[in-house]
Amino acid sequence: MSVSPQEAILSARGLTKEFFGFTAVNSVDLDVRENTIHALIGPNGAGKTTVFNLLTKFLTPTSGTITFRGKDITKVKPADVARLGLVRSFQISAVFPHLTVLDNVRVALQRKAHLGTQFWRSSRVLHTLDDRAHELIEAVGLAEYANLDAAELSYGRKRALEIATTLALDPPVLLFDEPMAGMGIEDIGRISALIKRIARDRTVVMVEHNLNVVADLCDYVTVLARGEILAEGDYETVSSDARVREAYMGSEDD
Ligand SMILES: Nc1ncnc2c1ncn2[C@@H]1O[C@H](COP(=O)(O)OP(=O)(O)OP(=O)(O)O)[C@@H](O)[C@H]1O
């Protein structure tokens, strides 16, 4: 299954990043289709995080282009990309530890109000801030913790709170860098279910090491190795590819 550029909400062409002469990402072409969960996988040092940082504009490519909804965003700043609706999650510091879960989500909703009106979806405009905050907290399974300080939450629930604060921005495209890192099985199950739910009407791009999670969640997988695309397709296709198996051999962390 290949993705035609017309169907793609987010695309890269010839994406290349060199660090002091070392090519970490080499001429990567990527098409992320709308309303799918798209994984970037690959052995250690494959270039996944670099691609992620390029797509979210935290790094500037040495060459190549990135388009979002047909608009060239290669030179657009991260904050402006977020305003367009391409938002990365999991910056733990974005959660205020000494505010309650509810107040953290309220702050995020207020932040969104400052970002301008284009994020608002018409059906949601009618909600008051508090109604919307409770709705988001419920959606990420934190209703019974609404009045607890964020600092008191378990690691997995803190991440669920981060998802809630990211969802408060209502972005059509969400990017996660290793959302399950450091989590136990129970949290992985909860966050997987949550990502599945939020991806019903959004696009999700995630770097993920846990291949069980990728198999369970992702519609499409891009495998990187040594900065280049090694294979693409659904999980079944890429996991049975001999080149992919070979690339993972000797990389025991993966
Ligand atoms: N800022 C940097 N300066 C120099 N080299 C870098 C920099 N960032 C990444 N690299 C190198 O680029 C290559 C790709 O790194 P990257 O972190 O993107 O890989 P990854 O697939 O995310 O790996 P991992 O699974 O280990 O997180 C690695 O060889 C890394 O050492």
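1. Of the 254 residues of the chain, 39% count as buried, a residue being buried if 20 or more other C-beta atoms, placed from the backbone, lie within 10 Å of its own, exposed if 12 or fewer do, and partly exposed in between. This is a predicted model, in which local features need pLDDT of at least 70 and side-chain atom pairs count only at pLDDT 80 or more, while totals for chains, interfaces and linings use all residues. Residues are numbered from 1 along each chain as its sequence is written.

2. The chain has ten helices and ten strands, these being DSSP runs numbered from the N terminus, with helices (H or I) of at least four residues and strands (E) of at least two. Among contacts between residues at least 6 apart in sequence, 68% join residues at least 24 apart, where contact requires C-beta atoms, placed from the backbone, within 7 Å.

3. An open sheet of four strands, in the order β2-β1-β4-β5, has antiparallel pairing, and its edge strands, β2 and β5 (71-72), each pair on one side only. Eight bridges join β1 (residues 8-19) to β2, with A12 standing opposite L30 in β2.

4. Helix α1 lies across β1, β2 and β4 (63-68) and runs at about 120 degrees to β1, the angle being taken on a scale from 0 to 180 degrees between N-to-C directions of axes fitted to C-alpha atoms, for helices over the stretch in contact. Seven of the eight residues of α1 are buried, so the helix is largely enclosed by the rest of the structure; K48, T50 and F52 are among them. Just after α1, K57 takes a positive phi of about 70 degrees.

5. The shell around the ligand includes F19, F22, N44, K48, T49 and T50, a residue being near a molecule if its C-beta atom, placed from the backbone, lies within 6 Å of it. Both β2 (22-33) and α1 (48-55) supply at least two shell residues, and α1 gives the most, with three.

Terms used
Two residues are in contact if their C-beta atoms, placed from the backbone, lie within 7 Å. Two strands pair if DSSP finds at least two bridges between them.
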